[in-house]
Amino acid sequence: MSQVPDPSRLPAALDQLRAAVEGTHFPLETPRAEQARAGRGDLLNQLRDYIIPRANSLDAPLLAVVGGSTGAGKSTLVNSIVGETVTTPGVLRPTTRASTLIHHPDDAHWFTTKRILPELARLTGDSAGAHDPNTLRLVASVSVPRGLALLDAPDIDSVVSANRDLARQLLSAADLWIFVTTATRYADAVPWELLQQAIHRGTSVAVVLDRVPMDAMEEVRADLAGMLMERGLGQSPVFAVAESTLSKTGMLPVSEVTRIRGWLSSLAADAHARSIVIRRTLDGALDSLNERGRSLQSLSQEQRSAADELRQAPQEAYSAALDGVKEGVQDGSLLRGEVLARWQEFVGTGELLRQLEAGVGRMRDRVVGALRGRGRAEPAENLGEALHSGVAALLVNHAETAAITSARAWRATPGGAPIIEKHRELGSASKGFGEQVERAVRDWQGNVMDMVREEAGSRRTTARFLAFGVNGIAVMLMLISFSATAGLTGAEVGIAGGSAVLAQRLLEAIFGDQAVRTLSAKARGLLLERTTELFEAEEQRFEKVLSDEIGQASTDDRIGPALAAVKAAR
């Protein structure tokens, strides 16, 4: 047996959809960001201003919003229908003023609360607030039948953007849109654009053709009827108001508004007819939710994809930088130039290197013998400083390259260019990064010395150990850590004229083969750990800026499940 949908579930499902749309933001300047923000705003307004309150109160009065172009005579028409001055036409244009909602006194409770148009403050009577477009002015009149309310909206083509936006918002809150145009302006583009939206969303529409010369009445009515038919509004009632002289109170002749007034009164008096209009508009609005929601889903995914791409760019750049450092500390490139000169100073002369092949064991003893009895502190320190400078320069260069690469990628990624222009400091390593590197390398060298002391243990009193000292042994360990062949045995090819091979042999004489392999790998690993920490901190600069720009943007799809819930509830 099929399950019948429970109507009481619909308001809850609509609230879920409203929350999902409310939680969907478009902070990145992607190609369709403006379209997305406008669509989100329109959908959110209609959910809050019309769909949810109407779904919660089907028996509330029918709200007819009177809208149209500048100077079409909307306010005059409303006053004439009611039979008294309830809203003031804008004599000087453009004007900004509160929108006016006219209702029967017994229906006041439907409008004094935030049931509809919750963002507009309520105002009764005349006061300074009457000129505030963010205010809804409520007028009670017994001339308006119970079950019906009229809302005089701002011009839909006003040169004041706030007026245009408010007009669209009010129209989206309507059960019935009374579109007012004139004999000379009924073909204007802007009204038809909004009429097309009304058709798309299923809003009930009536058309008032104002100021029609009597000799052109049939021709103009026929032309307008044809346009309405072509656009799917052939069933919409059309009322023509002849060009007339207004009364002293600014009213149209009663004969010109009798048909409109009678039609509205019949809607108010006939609960069934009123229900048909309300349900047709509500159903149309509900039917439009799926397409509009799916569009927002797609646009939201575009934002998430752009954010992922922006996030991935620095991740890849700094990962490549770390790989570059790994390669740089293993390929022997650090064992050249200043480091090589200081190494030769440390071991004595170039002759030691030339005689290396004559016998490693004999050479080792000669080096130790040569070093015994003479201080090696200064050459060891010089070599350590040269290694320190080389490592620091390697880290800084790769960090700068990663920053430049990340910034370039952001400029080429949708939504990224405005951010990088706003945060140009991201295009280089952070201020003080060089000092951080200096400290990190210095701390790493201290770690290596600690490793040497721990590994030496009782050997620290041996002649070989004493000949080099902790500093000397530590810098040799650093040196062999920067060679791809460091720690290996056999006929390795020396890096930079055999420097690493000689250092390795000297250390083997103190610690043994296996210990040298372990120590060199550990020393290199400690350096890469510190480098990883430094680069991660640099990468986080991009992540923080991106997070600040995105703010509370949803990282998942909440609209899809909410649309499914609405569908199930219907």
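**Note on pockets and cavities**

1. The largest cavity has a volume of about 70 Å³. A cavity is a set of points, on a 1 Å grid over the protein atoms alone, where a 1.4 Å probe fits but cannot get out. Volume is the space filled by probe spheres set on the points, which are joined across faces, edges and corners.

2. This is a predicted model: local features need pLDDT of at least 70, side-chain atom pairs pLDDT 80 or more, while totals for chains, interfaces and linings use all residues. Numbering runs from 1 along each chain as its sequence is written, and side-chain values use heavy atoms, without hydrogens or water.

3. Lining residues have an atom within 4 Å of a point. For the largest cavity they include Asp49, Tyr50, Phe111 and Asp175. Helix 2 gives the largest share, four residues. Helices (H or I, at least four residues) and strands (E, at least two) are DSSP runs, numbered from the N terminus.

4. The second largest cavity holds about 50 Å³. Among its lining residues are Ile81, Ser143, Leu150 and Arg261. Helix 7 supplies the largest share, three residues.

5. The largest pocket has about 440 Å³ of space. Of its 21 lining residues, Asp42, Asp165, Arg168, Gln169 and Gln197 are the closest to the centre. A pocket is an open set with protein on both sides within 12 Å along at least five of seven lines.

6. Ala98 sits in the loop between helix 3 (74-82) and strand 2 (99-103). Its C-alpha atom is separated by 6.6 Å from that of Asn134, 36 residues apart along the chain.
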